[in-house]
Structure formats: structure tokens, C-alpha cells
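User: I have a model open and want to learn how to read it feature by feature. Can we go through it together?

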There are 2 protein chains.
Amino acid sequence: MSMLLLYGLHSMVWAQQSVPRYGIYEITLSGPAAGNPFANLELSATFKQGDKTYRPEGFYDGEGVYKIRFMPDREGTWTYTTHSNYAELNNQTGALLCVESKNRGPVRVADTYHFAYADGERFYPFGTTMYEWAFQPEARKLQTLETLKGTAFNKARMLAVPPYKPYYVQGPTRLTEFPFVGTARDNFDFSRFNPKYFQRLERDVQRLSDLGIQVDLILFRPYDKGQWGFDTTSDDTNRRFIQYLVARFAAYQNIWWSLANENSYIKHLSDEDFDHYFQLVQKYDPYGHLRSIHNADRLYDYNKPWVTHVSLQYYNAVKVFGVSPLLRDIYKKPIIHDEINYEGNSESRWGQLSGEELTRRFWIALTGGAYATHGEIIDNGWIGGGGKLTGSSPQRIAFLRQIVEAGPAKGLTPIDPAFVMNAAGKKGEYYLYYFGDDPIKEWPFVLPVRDLSKGMRFQVDVIDTWNMSITRVPETFELDTPTRYTAADQHRRVVKLPGTPFMALRIQRIGDAANQPKAKVEDEL
Amino acid sequence: MSMLLLYGLHSMVWAQQSVPRYGIYEITLSGPAAGNPFANLELSATFKQGDKTYRPEGFYDGEGVYKIRFMPDREGTWTYTTHSNYAELNNQTGALLCVESKNRGPVRVADTYHFAYADGERFYPFGTTMYEWAFQPEARKLQTLETLKGTAFNKARMLAVPPYKPYYVQGPTRLTEFPFVGTARDNFDFSRFNPKYFQRLERDVQRLSDLGIQVDLILFRPYDKGQWGFDTTSDDTNRRFIQYLVARFAAYQNIWWSLANENSYIKHLSDEDFDHYFQLVQKYDPYGHLRSIHNADRLYDYNKPWVTHVSLQYYNAVKVFGVSPLLRDIYKKPIIHDEINYEGNSESRWGQLSGEELTRRFWIALTGGAYATHGEIIDNGWIGGGGKLTGSSPQRIAFLRQIVEAGPAKGLTPIDPAFVMNAAGKKGEYYLYYFGDDPIKEWPFVLPVRDLSKGMRFQVDVIDTWNMSITRVPETFELDTPTRYTAADQHRRVVKLPGTPFMALRIQRIGDAANQPKAKVEDEL
């Protein structure tokens, strides 16, 4: 089939000849519709520009239509050639013009423990959890999107496959589309995907992208309760599912791959299975989107090379100070506490946090050099189906995000974590102390010694993390000659605090009394 | 050389023909003394009994003497044949009779998170740190051994190679023997080991074994301060050092291999180097003694398959509750907090703990399903050179050991750790709650629901961990019908406590009111 003929058949392609950087270019091809077009399909395309080459997978989109999606990351002309075991899909060639855009591209790991967009702009994840929002009626989805616009959340954890619930098999919320062809356990055909299901899911991913929200898309989940069979599919089906999902979604700039939610509750999948599945995602995703897995009672080994960051469900790690630095040291990757219990009034104990406690856990995570993810289950709302947020933590999380974004560009780094459990920032420049429950009344101005020297001057803000106020302390503090471990204000002044819980201090360097040599400090635990 | 001739030359061998189980059998052979007998030596022996075979390495012991040591683990007759690239050491054969003994053999991992001797007897490590005791004058060593007899410590961390200190190069404490031939930086011959040095170290390891104390022998250490060159030896030297050390010490039943102390401070060794060194230890040690490595500011990946247990220096992990369960889940191996700061009055902040605080950290470790190691630096004593213990924590650690040894045979397991941070034991049978600093006055009798059912009866001991008292509560508590998460006393009674810190509760099942079906509980975070 010539390019001209192709364009003639699929006029959409003309419109896509020019594509924004990090947008989606789509090759659409016609091919066989009979038999099982999903079976044994090999389809991909090589996109080239100068020394750069990408080879995304293609997929069957139903009704004789085959697609290959591409996310160009460099402006200018890209050429492509398709590869397929079907003659009519093979060796198609073409070109596209990638043009400047405001897209920032996929989020990557930056500076070991943090994140940045492909264009270099930093990304500080402040996520929320809305597992099932994509399975809701359209009105509810629109409400969810409206709600998100009013929050600071920039990442959403969501399932790619619905969990079984009676709510989804009867009444007005009955689901009619599933990832596989079929409508019930006894008629699912696991050898055929349902393109309509995925087209809808793509639209939802795109709508989140339009709001600047990263999608932590969960590939496998338990929760089937022996009903649909989606969590007991064969290894062969799982591998085809991964290939199909990655072929469809990898060109979305805002995709993160979450291999599973509560992986160990999927009883028939072992960690070795997930090893293979991670590697498959790596193989099919030409752009290297972020990859992790979310645990239940058996922790996957996040040290494995195909895991880009830690996606942890371990409540203790955010209930007390000092654990995130340990996790950073263990994994040497970004730590996201992706489930820290939910603000809510659930009958389940994992959904009974006050807004104060959820906010406290966020602050403990952040001042440990890690990140956290919000969740709410009030009157059974939000984490399941989205809708409205009625909790008190989202606005405090937004407040925290403002502080983090105004902080060191490279994120918060624990400062002297072997002996100081509640401080992070950037040595010599910026210190964020968080006091949690402690109704602290005064704080002696004494900093861990590293990168400090006599004469350095600091301004201090007293932050009420719950009432969302920032109060500048009138005095400027100036360091005396440092001692072995600490550097104190020359007048041994203290910072006064109101004696209420949930307070923090922001300490920022504003200049020096004079040029002073820095203290020489040895590594020492 | 015939066996008879061999025996004639080395009459000691006759005395060793019969060797206790887990004792040391030693083949002694004569060979070349000229040149460098360490260079290119290949020497080992195959010991056989029925289907069992061991092939320990041999070593040159100086003055033309070559040795191969064997620790038989089964009674009865073992035969052996030697293998060597030196004709006179090759193909020597013989037999020994292994006889019953009270030796328990090497300590192994048991039940994933705990330890047991080879004979099956459980081993609960309550270690101490005496890095340099083996480099002290004999009188001081004897004092150290006397001190240990009066403690409950059953494991000692000690260096195989002395750290550089002025104290070791001048005056009466000047060292005259080193691991390598030579006496100072400019004359060490790293191609030759000094057998006399190792003979002395062996005697010290044996003396600890005679006291029932495991030796956590540290192979590599920093602390050379650019003086002797022991922490900048070449990879080739390091590999020969490992082979030599393992050949000499693997037959000691009480040996544990600690690949390094504060590994990252040995700047010229990477984690990849330690990967190789671990594998070498594995290769040369036919008995599979325990293997770990102790960190400074870069954590080795304890998930690697050659690491048998975690040997951690991470103070936060024992300052707060709830971290050891996380470490267990991350590593799925026994967790030993091998450095938790020291009781002492050091000028260094790592040596300034009160006895109360060190004891508190021990209890937090143990009630997290982990273990901890003691250290003391009072007036500069103990962790360096041994001698006397003057701190207040050793007797409290001994008290804790008694409680642990009287507890569940398989050790303490965290109970409901996602929601209860301070309880360990054995579900349905035994619960040890620890309250740390909290001056708790009463504790409602409510247990996590798993393995509990209505009618179960429990007795309660109030434990004052500091004053070392155990007070039985007169009442017997009996469970009401469990709810979703908890089972409470049928009369909703509380346990009274004195309102002082450092208290614990021991709750033991003593029978049931009647046979009652157990509650069915689902896995649920």
C-alpha cells in the first residue's frame, strides 16, 4: 500500500502529519478483520530522526484497523517504516513533522531520589488514589475531573482493569465493556481484547494528561473474588495483555506503569512472574516510562534493575520519623509512599484517618526525602469512584506542595538523618524541620554542621501546617563558629513556636556576615 | 609420604584421630619452607562419610608446616584424601573417628528471621562489640574473658585486622605481629601472611567458643588512616587474604563472617568488590557459616543471595517502633541491628547513650522481630579493647535474653505490625508488648484478632524492663467474641501499670474456657 493510498483511506492521518513534541502521532493501517486479528500479530514501526530511533509496538484496534502510536521527543522531521507479519501492514513508510509544544514529556527519575519531566522541569509527585474512576458513568467522571482541577494533585493511581463488585454487574452502574471480549465469567474470550474498552480508558488517561496529571496505571490487581477471572488469567494471556496495553498507552506522556496493586494478593502470580512482566514492559515501551509495583504483605524487591522507584504500602514508614531516609539508603531510588491509609470514616481500619493524621504522614514522608500519595474514603467516596473530595487533607497537601515547590529545586534531602530525624532540605542553604504531634514551644537555633560556617545568616519561617500559615520570624540568625557536630546562632537564640502540634520551621540562608572558611567535617556516623 | 610416616612426623595427629562432632580435625603435613610457600599453593582435602563430602581448603602455617582443618558434622568414620599442586602434600589419605559431643555446631538461619545451631537448638543472638580485644596484652584479654563470663552476651563482633592507632605502634601496647609479614608500612610484604598472627587470633576465637560465644569476625575494615596500608591492599591480595582466613577459621564452629565493618568507608572497595568477596567466602567455606556485612553511609544490598542475614548500622531503625518489621519484609532474612550507638560518655555522639536508652533500643529491636548488638564506650573502654564493662545496660540485656529464651521457641514475630507497632510473639499464644518511653498507666486488654477466639484465657505479667522485675497480674483474662480486628477481654478489663517508662507486658495463653471455633480472618492490610 502506498503512502498516498494510506492517506486516502485514513484522512485522520493527514491531520496528524504535524505533531507536537511529546504528543501522539498515530499510524493507522487497514488490515484483516476476520478470524482473530489479535492472535500472532506482529506489528511495529521504526521511527528515525538522525541518530535517534524508536520502535513502538502496534496493536489491533478492531474493525480491521491497526495502529502504531509514536511520541516524538525531538522537533523536526521523523520518518518511519512499519514491520509486520501481515503483508498489508508491512513496510509502510511515511514522515511526520514534530513541532514545538508546551508538553514536558514523560517524568523520569532525577538525582536518584526525585523526579523531573523529560524537558528538565522538576516534578514533585503529590498523588491521589482513584482506583475506579474510569469505570464510572460519564457524569461522575466529569465531576471527578472538575474536583481534580481544584486540587494540587498531579498524579493519580488508577486501575486498568475493574475490580469485581456487585455494583458493576447490576443496575445503572453495570459495566458493559471489559478489557476482554465478553460480558461475564462464562463468556470472556481471553484471546481477544476489546478495543472499545481501551479507547475509553485512553480518553480518560488523556483527560488527566490535559489537567497535567500523571497516571500511575495499574496493570494487574487482585479483587476479582473468583468472578470474572481477570486475576487468574494464564501467563500467556498476561503477556499479551502487557504487550497490548503498552502498545496502546506508551505514547501517552503522562503514563507510569504500576505492575500491580497489592501484588501478593494476586495469589497465582509470584515475584518471578512479575520479574518477567517488568521486563516485558521494558521491552515494549520505547520511552522508558516509570515502572514500579505496589505491595500488600510480600514486598517485591525494589532493588531489581527494572524498578525505577519504590511504590510502597507500609504505614509504619510514615507514622514515625526517620524511615524514609532508610528506604532511600536501601533502594537508592525515589521513594513514594503510595498508600499510607486514607482519610475517612470507613468501617475498615485502613480508611479511618483524620485529615490531621493524613497530613502529618505526608509531612513525615516529605521531610524524610520521600513522597506520599493521598487517598480518601468518606461515606465510601473517592478512592473507589472519584466524584467529590470532602476531606480536610487535600488543601493541606496543596499547601505542602507550594512549600516544596518553593524549596530546593532538587527536592528535599534528609539532613544528618542518623542523628536528626525530622529535617530535610539542602545543606548550607535550606532546612525544613517538622515537629509532628509535638506541641513544641521553642526551638534552639542549632543546625547540623555540614556545609556551615561562622557568619552565615538565616531567616526563619514558622509554618503552621494545619492552619496553613507562614510567619516570618523578625530576627535574622547568624552562626557562631561551628563545633564538631553543630552550628548554633551566635547569641544562642531560640525560635518561639505556639505550642500547638503540626508545626514546621523553614530556615533559609540569606547571606553571610563575611567570607568565612567552611568547617571541615569528616564522614562519621 | 605414607600415613604412617606422616603420623610419625606429627604425633599430634594421633591425638586427633578421634574428634568430637563439630570439633576441629587437623591434617598436618610437611612441605617446602623455602621461597614463598604462600604463593600459588593449592591445597585441600576431600573428607567423606557415606554420601557426605566436604572439601576444606588447606593453608601454609609457616616453618614448612601445612594444615587442612575439618569440622565433622556427623559421627562415625570419615576418610580423607588430600589434593595439592605440591607432590609431597598431594594424595595423602587417612581416616578419623567423629564422636558424640556437646558441641552444637555452627549457627544457621532458622525460620527465615531467626537462628538455630546446626543441632537444632535455637540461638537468639545477644551480641556485644569488642572490635580490638584480640590485639590487647594477654592480661587484658583474660580480663575480657572473665567479664564476658558474667554477662549474657553470646556473640562478639571483632576485627580480624587491627585498626591503626598510635597506641599500637609505640609503648607497651605496640603490636609486634601483623596479618602480613612485616612490622610497618614500608616493609609489609602483602604476598606473605604471618602464621603467628593468625595462630594467636585462632586461640582467641577458640577461647570465645569455649565460653559459648559466637565470633562475628570482620574481614575488612577502614581505620588505617593511610598508615599500614591494610585497607588499600590490591584485589589480588584481598582474594588471597579471604582464602587464607577461611582456610584457617572455617572449621571453628562459632565463626560468622562479617565481610566488613563500615564497608563504604573503605573507599577503594565497591559493592561489586564485596559481591566477589562474598562469593569467595562461600566458595572456600564448606560449612556455610553465616555471612553479612556492616554498613556506614552506603547500604550493601542484603537481598543478594550470598548474604545470610542483615547486619545493620542504622540508628533510626531502633529509635522508633515499627521499622524492624519493615526490614524483615524487605529482606526476608534475620535482622541484626549490629550497631545502635553505644552506652557511654564518649566525646563522639555515637557513644553517648544512657543505659536506659541502649536498653530501650534493644527492646524495640526485639519486639520488632529483630535482634540487636550491645556496645559500650565508658572512659574509652570496652568496644576498643575489651576489659571491664561498667555500664548499666548489660544486666538489662541479660534480663531481656531470659525473657526471649522463655518465650516462643521460634522467636518473636511482629503481631499485626501494619497497625500495632509494639507487639511481637506468637499469634494465639504469646504477646510481648513494649511501651518504651511511654509512662503508661493502664492497658485495655485487647489483642489483634488473628488466631484468637472467644473463651481463650490469658495470664499477664507486668515487666519492668529497667528494674528487671516481673509481676504476675492476679486476674486471668478471657476473650469475648472477636470483632473484625480485635479480641477483647469479656469484662473489658484493663491491665494496670505503674506509670513509669520502660514497661512491657507479657501475655500468655493458659487454656480456654471451652472449645470455640476460631474466627475466620481474611488477609487484609
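Predicted model: local features only at pLDDT ≥ 70, side-chain atom pairs only at ≥ 80, totals over all residues.

User: Which residues in α4(A) are buried?

Analyst: Burial is read from relative accessible area; buried means under 20%. In α4(A) the buried set includes A:P195, A:Y197, A:F198, A:L201 and A:E202. Further along, A:D204, A:V205, A:R207, A:L208 and A:S209 are buried too.

User: Now strands. How many residues of strand β16 of chain A are buried?

Analyst: Count the buried positions along the strand. For β16(A), residues 214-220, the count is seven of seven, so the strand is largely enclosed by the rest of the structure.

User: Which strands do bridges join to β16(A)?

Analyst: Read the bridges on each pairing, then the direction. Strand β13(A), residues 155-159, is joined to β16(A) by five bridges, and the two run parallel. Strand β17(A), residues 255-260, is also joined to β16(A) by five bridges, again in parallel.

User: Through which helix does the chain cross from β16(A) to β17(A)?

Analyst: Trace the path between the two strands. It goes through helix α5(A), residues 235-249. This β-α-β crossover is right-handed.

User: What is the strand order in the open sheet of three strands, and how do the strands pair?

Analyst: List the strands by neighbour. The order is β9-β10-β11 in chain A, with antiparallel pairing. β9 (107-110) and β11 (122-123) stand at the edges with a single partner strand each, so one side of each has no neighbour in the sheet. Between β9(A) and β10(A), residues 114-117, there are four bridges. One bridge pair is A:A110 with A:H114 in β10(A).

User: Where is A:Y22, and is it buried or exposed?

Analyst: Start with the element, then the accessibility. A:Y22 sits in the loop between β1 (18-20) and β2 (25-30) of chain A. It is buried, at 5% relative accessible area. Check the backbone as well. A:Y22 has a positive phi, near 65°, and is not glycine.

User: Where in chain B is there a positive phi in a residue other than glycine?

Analyst: B:D416 is a case, with phi near 55°. Its loop runs between β25 (413-414) and β26 (423-426) of chain B.

User: What does B:Y168 touch?

Analyst: Beyond residues up to four places away in sequence, B:Y168 touches B:E132, B:F135, B:Q136, B:P163, B:T173, B:R174, B:L175 and B:W228. B:Y168 lies in the loop between β13 (155-159) and β14 (180-181) of chain B. Its relative accessible area is 0%, so it is buried.

User: Is B:S354 buried or partly exposed?

Analyst: B:S354 is partly exposed, with a relative accessible area of 34%. It is in the loop between β21 (343-344) and α9 (355-366) of chain B. Compare sequence with space: B:S354 and B:S393 are 39 residues apart in sequence, and their C-alpha atoms are 8.3 Å apart. As for α9(B), eleven of its twelve residues are buried.

User: What radius of gyration does chain A have?

Analyst: Set the value against a globule rule. For 525 residues a compact globule would come near 24 Å; chain A has 26 Å, which agrees. The C-alpha trace spans about 85 × 55 × 40 Å along its principal axes. Of the chain A residues, 62% count as buried.

User: Last one. What rotation superposes chain B on chain A?

Analyst: Read the angle, the shift and the RMSD. The rotation is 180°, the shift along its axis is 0.0 Å, and the RMSD is 0.0 Å. The two copies are therefore related as by a two-fold rotation axis. The same surface serves both copies: 100% of the contact residues of chain B recur in chain A.

Technical notes: Residues numbered from 1 in each chain as written. Chains lettered and ligands numbered in written order. Heavy atoms only, no water. Least-squares fit on C-alpha atoms with pLDDT ≥ 70 in both. Contact = heavy atoms within 4.5 Å. Buried < 20%, exposed > 50% of the residue type's maximum accessible area, 1.4 Å probe, protein only. Pairing = 2+ DSSP bridges. Right-handed = clockwise from strand over helix to strand, strands pointing away. Rg over C-alpha atoms; globule rule 2.2 N^0.38 Å.
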